[in-house]
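Morning, everyone. I have one structure for you today. Please bring it up on your screens.

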Protein chains: 2
Amino acid sequence: MFRRNQDENSLVQRIERGFAEKQAGNRMTLKLGLGDDAALFAPRSGYETILTCDWFLEGTHFLRDKHPADAVGWKCLARSVSDIAAMGGQPRCFLLSLALPKSHTGRWLDEFLHGLRRAARRFCCLLAGGDTTRREEILINVTVVGEVREGRAVLRSGAKPGDVILASGRLGEAELGLQLLRRGETLAGRKDPALKKHLYPEPRLTLGRWLAEKRLATAMMDLSDGLSSDLPRLCAASGVGARIEEAQLPLVSASGNKRPQGFDWLHLALDGGDDYELLFTVAKSKVGSLPDFFERIPLTAIGVITKDRALLLTGKRGLEQPLANAGWDPFRR
Amino acid sequence: MFRRNQDENSLVQRIERGFAEKQAGNRMTLKLGLGDDAALFAPRSGYETILTCDWFLEGTHFLRDKHPADAVGWKCLARSVSDIAAMGGQPRCFLLSLALPKSHTGRWLDEFLHGLRRAARRFCCLLAGGDTTRREEILINVTVVGEVREGRAVLRSGAKPGDVILASGRLGEAELGLQLLRRGETLAGRKDPALKKHLYPEPRLTLGRWLAEKRLATAMMDLSDGLSSDLPRLCAASGVGARIEEAQLPLVSASGNKRPQGFDWLHLALDGGDDYELLFTVAKSKVGSLPDFFERIPLTAIGVITKDRALLLTGKRGLEQPLANAGWDPFRR
C-alpha cells in the first residue's frame with residue numbers, strides 16, 4: 001500500500017492531499033483509508049462486496065502524447081467502475097497503483113489527479129489506498145470495490161434461449177473517437193461526442209442498478225472489447241448461442257448527429273472497444289416493459305439468445321454468417 | 001477483470017485452470033470468482049474487510065534473470081498478505097493483474113503459477129479474478145482482500161510514549177539474501193535461510209492475529225522497506241518519536257547460524273528491505289506477557305516510543321544519533 005515518506009512533496013502525500021478533503025464527509029463504508037498498511041472497509045449488512053481490477057498502461061491502453069492526463073485519470077477509474085455497473089452494483093472505494101517517470105510527477109500528475117478526482121466524485125467512489133513506484137513508463141492499475149444487495153448481482157451466466165439481447169447507447173462510438181484522436185484532432189475536439197466518449201466514458205451505473213433491482217436482466221456484462229469479443233463471453237458463460245440482426249444494431253451513423261465521413265460503421269459497432277455500454281438479456285415476456293430510452297441513453301434490442309451455441313450475424317438481406325470475433329485481444333496482436 | 005477468449009490455451013484459461021480445482025472446496029466467503037465482470041465476496045457479519053495492493057515489477061522489485069519464476073509467484077502474493085498480517089487480519093482472496101511478454105506465457109508462466117498456488121494455499125487466499133495483457137516487461141499487481149473482527153484491526157497510529165518497540169525475526173536477512181543472489185548464488189543456495197527469506201518470505205499471519213486478538217499491540221506495521229524507513233511511518237501516524245538501541249537489534253549475524261563474511265550487519269538491519277517481519281509496540285506493563293519466541297520466531301524489544309518526535313539510535317557506547325532514513329524509496333534513487 002501507499003508508502004509515505006518524510007518528504008512533504010512526495011508522490012503519496014500529493015495523491016492523498018488531493019483526495020483527503022473531498023472525501024471527509026463521505027465515509028459511510030470506508031472506515032480507514034489512506035495512511036496505514038491497508039484500508040478497512042465496513043460492508044453493509046445484506047450486501048455482497050464486488051471486486052474488480054484493470055490494467056491501464058501507456059502504449060497499450062493509452063498514449064502519452066495523445067491522451068490528456070486528465071482523461072487518463074478519469075478513464076482508469078471509469079473502466080473498472082463499468083464492471084461494477086455490469087453486475088448491477090454501486091462502487092464504494094478504489095485502490096490506485098501508479099508507476100510514473102520522475103518527469104511526470106509535476107504537472108502531468110496534477111492533471112491526472114484532477115481527472116481522477118472528478119471521476120471519483122461522479123461515481124461516489126473513495127480513494128482507499130494504493131501503491132506508487134518510479135518507472136520509465138506510466139503504469140496504472142485500479143481495483144474497485146463495490147456493493148450489491150445479496151442475491152441481486154446480474155451475472156454473465158443467466159441468459160436463456162429466447163431471451164432478447166439488448167445494448168445501451170451507440171456501439172463503436174468510442175472507437176470512432178480513438179480514430180479521430182489518432183488523426184490528430186485537437187483538444188478543442190473534446191466536445192465531439194465520439195471523442196468525449198473515448199476520453200471520458202460514463203459507466204452505466206444507474207441503468208445497471210435499475211436492471212438488477214427490477215430483476216429485468218437475466219445476464220449482463222459491459223462492452224469493453226467490442227460486441228464481437230464480448231458477446232461470445234456472455235454466451236459461453238450461459239452455455240447458449242446468439243443471433244444478432246445487423247439492421248437493428250445502434251450504429252453511430254444513425255444517431256442523428258453530424259458525423260465524419262469514411263468510416264465502416266458496422267465494423268466499428270461489432271469490433272470497436274472501450275464503449276463501456278451494457279450488453280444484457282431480458283426474457284421475451286418482459287421486453288415490453290423496457291423504455292426505448294433510459295435517462296436519454298437508447299436501449300436497443302439487437303438479437304436473440306439461441307439454444308444452438310453458434311454466434312450468427314443476420315445481414316440486411318437476411319443472409320446469416322458467423323459473427324467473427326475481432327475485438328480487442330492484446331495476445332492476438 | 002479477466003477477459004476470457006475462445007482460445008482454450010489463452011493466458012486467462014491457463015491461470016483459471018491452475019486454480020479452479022484447488023479452490024473448489026474452500027468457498028466460505030468468495031461467492032463468485034473467476035469468469036464474470038467482477039468477483040462477489042460475502043463478508044462475514046461482525047468482520048471488517050481489509051484491502052491492500054502492491055506493485056511487483058520486473059527491474060524494480062525482481063530481476064527476470066536472477067529470480068526463479070516460482071519465487072516471483074510466491075512473493076508477489078506474500079508481500080501483500082503481509083499487509084493483512086500487519087493489521088491483525090486474515091487474507092481471504094486476491095486479484096492478480098499480470099502483464100507478460102508472449103515468450104513468457106509457456107514455462108515461465110507455469111512456474112510462476114506453481115509458486116503463486118503454493119502461496120495461495122499456504123495463506124488460505126483464493127484467486128478471485130484479475131486482468132491480463134501483453135507487455136515486453138513482466139508487470140504484476142496484486143490486490144489482497146482480508147478480514148478482521150470489527151474494531152480489532154491494529155493500526156499504525158496507536159503507539160503511545162513509553163510503549164516498547166518490538167520486531168519479529170532477524171532484521172536484514174532478506175537483504176542479505178538479495179546480495180547473495182546478486183553475487184551469483186546458484187539455485188541450490190535456495191536452502192540458505194537468507195536466500196529463502198528473500199525468495200519465499202513468510203508473512204507473520206499467526207503472530208499478527210494473536211497480537212490483535214489479545215489486544216497486545218498498540219500499533220503495528222510490516223517491515224517492507226527497512227526499519228529506518230518504516231519506523232518513521234509508524235511514529236508519524238502515531239504522532240510520537242522513538243529511540244532504538246543498537247545493542248538490542250536482532251542482527252542476522254547473531255542468529256547462531258553460520259553466516260557469510262563481509263557484510264555490515266547493522267546497515268542490513270536498519271536499511272534492508274523485504275523482511276516482512278512485524279514491527280509493533282506494546283504497553284510497558286504488558287511486555288512481560290510476551291514470549292521470547294512465537295512459533296520459533298524471536299520477538300525482540302528494540303527500543304521505546306518517546307513523546308519527543310525525534311528518531312534516535314543509541315549506539316553501543318551510549319552515544320545517541322539521529323536514525324537516518326535510508327531504506328527503500330524508488331523516487332529517491
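I'll go through the chain, then its domains, then the pair of copies.

First, a caveat: this is a predicted model. Keep that in mind throughout.

Start with chain A. It has 333 residues, and 55% of them are buried. On secondary structure, the count for chain A is 14 strands and 8 helices. Now the contacts. Take pairs in chain A that sit at least 6 apart in sequence: 83% of those contacts link residues at least 24 apart.

Next, domains. How is chain A divided? The assignment gives domain 1, covering 11-149, and domain 2, covering 156-322. Over C-alpha atoms, the centres of domain 1 and domain 2 of chain A are 26 Å apart. The two domains of chain A do touch: 16 residues of domain 1 are in contact with 18 residues of domain 2. Which element gives the largest share of the domain 1 side in chain A? Helix H2 of chain A, residues 69-85, with 9 residues. And the make-up of that side of domain 1 of chain A? 9 nonpolar, 4 charged and 3 polar residues.

Now the two copies. In general, a rotation about an axis and a shift along it relate two copies of a chain.

Key: Residues numbered from 1 in each chain as written. Chains lettered and ligands numbered in written order. Predicted model: local features only at pLDDT ≥ 70, side-chain atom pairs only at ≥ 80, totals over all residues. Helix = DSSP H or I, 4+ residues; strand = E, 2+ residues; numbered from the N terminus. Buried ≥ 20, exposed ≤ 12 C-beta atoms within 10 Å, placed from the backbone. Contact = placed C-beta atoms within 7 Å. Domains from an automatic or database assignment. Nonpolar A, V, L, I, M, F, W, Y, C, P; charged D, E, K, R; others polar.
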